[in-house]
Amino acid sequence: MNYSVFQILKRILIQARPYWPHLAGIFLLSLIASPIALLKPLALKILIDSGFGSLPLPGFITFFFKPASGYSFSTIVLISVALVIIVAIIENIHIVLSWILNTFIGEKLVFNLRSILFNHIQRLSLAYHDSKGTSDAFYRLQWDTTAIHVFLIGNISPLVSSILVLAGMMVVMFIINWHFALIAACLIPPLFILSGISTKQIKRDWKKVKEDESMAMSIVQEALSSLRVVKAFGREDSEQEKYISSADKAVAGQVKVAWKSAKYYFIVGVLFAIGTAFFIYLGADYVKNGSMTLGELTLVLAYLTQIIGPMEKISKNLNDLQSSVTSLSRVFFLLDKEKEVKENPLAVHLVKAKGSFVFDNVSFSYGTDKPTLDNISFKVNHGDRIGIMGSTGAGKSTLISLLIRFYDPTSGNILLDGQNIRNIKLSDYRNQFGIVLQEPVLFSNSIGENIRYGFSSASDDNVIEAAKAANAHDFIIKSKDGYNTLVGERGMQLSGGERQRISLARAFIKDAPILILDEPTSSVDVKTESLIMEAMERLMIGRTSFLITHRLDTLSTCNTIIHLEKGKIVDILNNATPELLELKKKKYFDTL
């Protein structure tokens, strides 16, 4: 997870290829900052040496401005004042252009990085999300991605600009007086040595801060997503204490980083003060001995400020860079995380499957030595209704996850219509399934849009037809806004039975050849169950269906039963042995 500044810069520049012209504009504006900074002290030098003194005006002034009456004191004052105003106008135009361009490019870079990361996060394996949780991914997506703006626009660009300004100031200083330039140059090595020590420590601390902030966010997200349980058990204060404890660690980490940075800035400030003291001491002696004019000393001291400014910016940017590097390292670590289910580059397209399956010695493990499924083999014909039964932890849900290809088998193969599912385009393959889960998942949208989620281009008539088939139309039209009624977060404005029927309607409108029903009637009343069962019966007609259930009446509609225990198949019973099939069903349910 440790990425160097140069590795991150390289990846960002590749990603930012469409905005290279804009970045070039930012770089050119950074270059312009150097001559603008060099012009700022000139007005004061001209006023002192040519206004109060008797030295001639600089050549570029006499070239552009030649008064008929000569250069009087008033004229020189006006020239100095005009030069101050002109430089200020140029400087502020430069600031405005830089601000607009930096904001535009920065926001575009953040938006693009978020889009790429969100797309990748959705395609990471369920195993990764199960182990890490969604809050960490959300923190990286929402907060760590903003570091690309800070890194490229807030750190790298000013760093380059400061280095260029520093180089320009050093050249000018050498031209004016090499002794002063040598003193200024002696400040640079200690600065970079101190910066190297400081940034190494701060980078380590920033990593811990980001982890603590992510943990605090996970507590908030978990509590809010389970708010009914929190309230039911009166655990609001407990959750608050957990959040404060976790967030306090992040705050302490921030203070620790600030303290180390402050110590570094204090040492740098003292170092610059010593350098400035040498300048003043030598400059006063040179002016007294006539080796330098007062205007030249003023210009040198002004340039010293211009040198110290970029040095301070360089040191600050090198320290601040560590926060951005840490955040972007977390982002790129996630982007470099390989998808567990990989797309075969030679995978073929599939429009619509028939729905026959073969499980050929399929085994699967969640990364442990003990397999969750062990040498599973069975065949399913088109149109079969397969009931999967077994005690808790038998491997039923894992079997379905392999079927949908949320995971790939550790060993063995799964064939669809005689073809290995690994050789089918993943999006095409998953498009063959209609899924109704035990806990239906609805989105914070209207009822109509939730039904249309199964087929985004479906017409309103298609939506109504699917709702009628799922026995959902009657309660929908009685709702406040009919099909435009908002269901709330996770559909919580609706009852469990209503959510389940909308989930069934979604499966109807998708019209997929393969159907998976995972405990669809486990948490509804008897009346609602009969409506769901009736809709399920219509839905399963002509489709290959897999049912996981603990209800005998649901299982009785199946023509094949697969009994799993401890990851292994105990029995496979079908219509060829109807008496044995019924006996097995009854024995199984008698044990529940």
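Arg-501 is found in helix α18; helices here are DSSP runs of H or I with at least four residues, strands are runs of E with at least two, and both are numbered from the N terminus. The model is predicted, so local features need pLDDT of at least 70 and side-chain atom pairs count only at pLDDT 80 or more, while totals for chains, interfaces and linings use all residues. Residues are numbered from 1 along each chain as its sequence is written, and side-chain values use heavy atoms, with hydrogens and water left out.

With a relative accessibility of 10%, Arg-501 counts as buried, a term for under 20% relative accessible area, as against exposed for over 50% and partly exposed in between (1.4 Å probe, protein chains only). Not counting residues up to four places away in sequence, Arg-501 touches Ala-470, Asn-471, Ala-472, Phe-475, Thr-528, Leu-531 and Ile-532; contact means heavy atoms within 4.5 Å. For Thr-528, which is 27 residues away along the chain, the C-alpha separation from Arg-501 is 9.1 Å. The Arg-501 side chain also reaches the backbone oxygen of Asn-471 at 3.1 Å. That is a polar contact, a pair of N or O atoms within 3.5 Å; within protein, one must be able to donate a hydrogen and the other to accept it, and residues adjacent in sequence count only if both atoms are side-chain atoms.

The loop between α17 (473-477) and α18 (496-510) holds Thr-485. Thr-485 is buried, at 12% relative accessible area. Its side chain reaches two backbone atoms: the nitrogen of Asp-481 at 3.0 Å and the oxygen of Gly-482 at 2.8 Å. Leaving aside neighbours within four places in sequence, Thr-485 is in contact with Asn-445, Ser-446, Ile-447, Ser-479 and Lys-480.

Ile-386 belongs to strand β3 (residues 385-389) and is buried, at 0% relative accessibility. Beyond neighbours within four places in sequence, the contacts of Ile-386 are Val-380, Ser-545, Phe-546, Leu-547, Cys-558, Thr-560 and Ile-562.

The remaining contacts are between helices. Two packed helices are described by the angle between their axes and the distance between the axes. Axes are lines fitted to C-alpha atoms, for helices over the stretch in contact, and angles run from 0 to 180 degrees between N-to-C directions.

Helix α3 (residues 42-52) packs against α5 at about 175°, with the axes 9 Å apart. The pair is therefore roughly antiparallel; that label is for angles over 145 degrees, with under 35 roughly parallel, 65 to 115 roughly perpendicular and the rest oblique. Among the residues that make this contact are Leu-42 and Ile-46 of α3 and Phe-73 and Ile-76 of α5.

Helix α7 (residues 134-142) crosses α5 at roughly 160°, and the axes come within 9 Å. These two helices are likewise roughly antiparallel. Here Arg-114, Leu-117, Phe-118 and Ile-121 in α5 meet Ala-137, Arg-140, Leu-141 and Gln-142 in α7.

Helix α5 (residues 73-123) also packs with helix α8 (residues 147-176), at an angle of about 140° and with axes 8 Å apart. α5 and α8 are therefore oblique to each other. Their contact involves residues including Asn-102, Ile-105 and Leu-109 of α5 and Ile-148, His-149 and Leu-152 of α8.
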